[in-house]
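Subject: Structure handover

Hello,

Here is the structure for you to look over. My notes on it follow below.

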Amino acid sequence: MKSGAFLLALSLAGLTAAPASARETDQPPPPLDFTPPPPGTYELHRIMRAPDGQVLSVDGRPQPLSRFTRDRITLLGFIYTTCMDPEGCPLAYRVFYRLRDEIQATPAVADKVQFVTLSFDPARDSPAAMKRYAGSRLEEERGVRWFFLTTRSVGDLLPLVEGFGQDVRYSVDRSTGRPVRQLSHVLKVFLIDRSGYVREIYTSTFLHPQTIMGDIKTLLMERGGADPPR
């Protein structure tokens with residue numbers, strides 16, 4: 001997608017958005033149709049360095065994204081709060097939610113992992129909107145920290161979207177030829193190591209707590225050849 005088209009699409013404010021039930025965490029993720037390899041028996045190569053840029057936390061403070069993608073293993077996903085596609089943002093949220101519970105129950109892992117949920121709809125997803133979306137799942141002092149971020153403008157967002165290779169587009173009402181306020185995107189979630197390199201990119205097929213947990217343990221084993229955290 002060309003940058004100009006993306007900028008035009010995201011500047012179409014004021015169109016009607018339908019409410020979404022993005023946080024239906026009682027639905028389990030779909031079962032895997034394969035058995036993941038044991039942690040540490042494979043290598044996750046460096047794909048690219050995670051891009052950096054200015055984001056807004058739920059309190060409205062501008063900060064570099066790198067503040068949320070360094071020092072811990074980071075699971076980052078792009079969302080928008082009005083997403084209605086069950087295989088899109090709601091799926092990512094459910095997987096994050098269930099994975100956090102599993103990680104919290106693994107003391108050797110819990111304080112080494114953080115989640116980032118970043119909106120690509122700055123026109124609607126203000127810091128206050130992201131705070132409402134997060135509910136009680138905001139960052140914690142201990143265990144898995146979960147950050148809910150947005151950007152001040154499309155200009156701040158665009159380098160991040162393009163840097164991660166996250167495609168976004170608007171749907172079009174074919175009867176009128178006019179864009180409707182419904183973002184469309186291919187679900188991607190990024191696993192970032194402690195040095196800020198993307199090591200895995202998950203689509204809906206592989207976005208499963210079991211798969212991600214194995215990859216996290218594999219990254220934690222890279223230094224010193226330790227046994228998988230339990």
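Start with helix α6 (residues 209–220): 11 of its 12 residues are buried, so the rest of the structure largely encloses it. Buried means under 20% relative accessible area, exposed over 50%, and partly exposed in between (1.4 Å probe, protein chains only). Helices (H or I, at least four residues) and strands (E, at least two) are DSSP runs, numbered from the N terminus.

This is a predicted model: local features need pLDDT of at least 70, side-chain atom pairs count only at pLDDT 80 or more, and totals for chains, interfaces and linings use all residues. Residues are numbered from 1 along each chain as its sequence is written, and side-chain values use heavy atoms, with hydrogens and water left out.

Back to α6. Its buried residues include P209, G214, D215, I216 and K217. They pack against β4 (73–79), α2, α3 (107–110), β5 (113–119), β9 and β10 (197–202); contact here means heavy atoms within 4.5 Å. From first C-alpha to last, α6 reaches 16 Å, close to the 16 Å expected at 1.5 Å a residue. The expected span is 1.5 Å times one less than the number of residues.

Next, the core. The largest nonpolar core has 52 residues. Such a core is a set of buried Ala, Val, Leu, Ile, Met, Phe, Trp, Tyr and Cys residues joined through side-chain atoms within 4.5 Å. L75, F78, I103, F115, F164, L207 and I216 have the most contacts inside it. Helix α2 (residues 89–104) gives the largest share of this core, 8 residues. The buried residues of α2 include R94 and R100.

Now the rings. There are 13 aromatic pairs. Rings of Phe, Tyr and Trp (its six-membered ring) pair if their centres lie within 6.5 Å; planes under 30 degrees apart count as stacked, over 60 as edge-to-face and the rest as tilted. Y93 and W146 form a tilted pair, 5.4 Å centre to centre with 40° between the planes. Y93 lies in α2 and W146 in strand β6 (residues 145–149), so this pair ties together parts 53 residues apart in sequence. Y93 is buried at 3% relative accessible area, and W146 is buried at 0%.

F164 and F190 are also a tilted pair, at 4.7 Å and 50°. F164 sits in helix α5 (residues 154–164) and F190 in strand β9 (residues 189–192), so the pair links parts 26 residues apart in sequence. Both are buried.

Best regards
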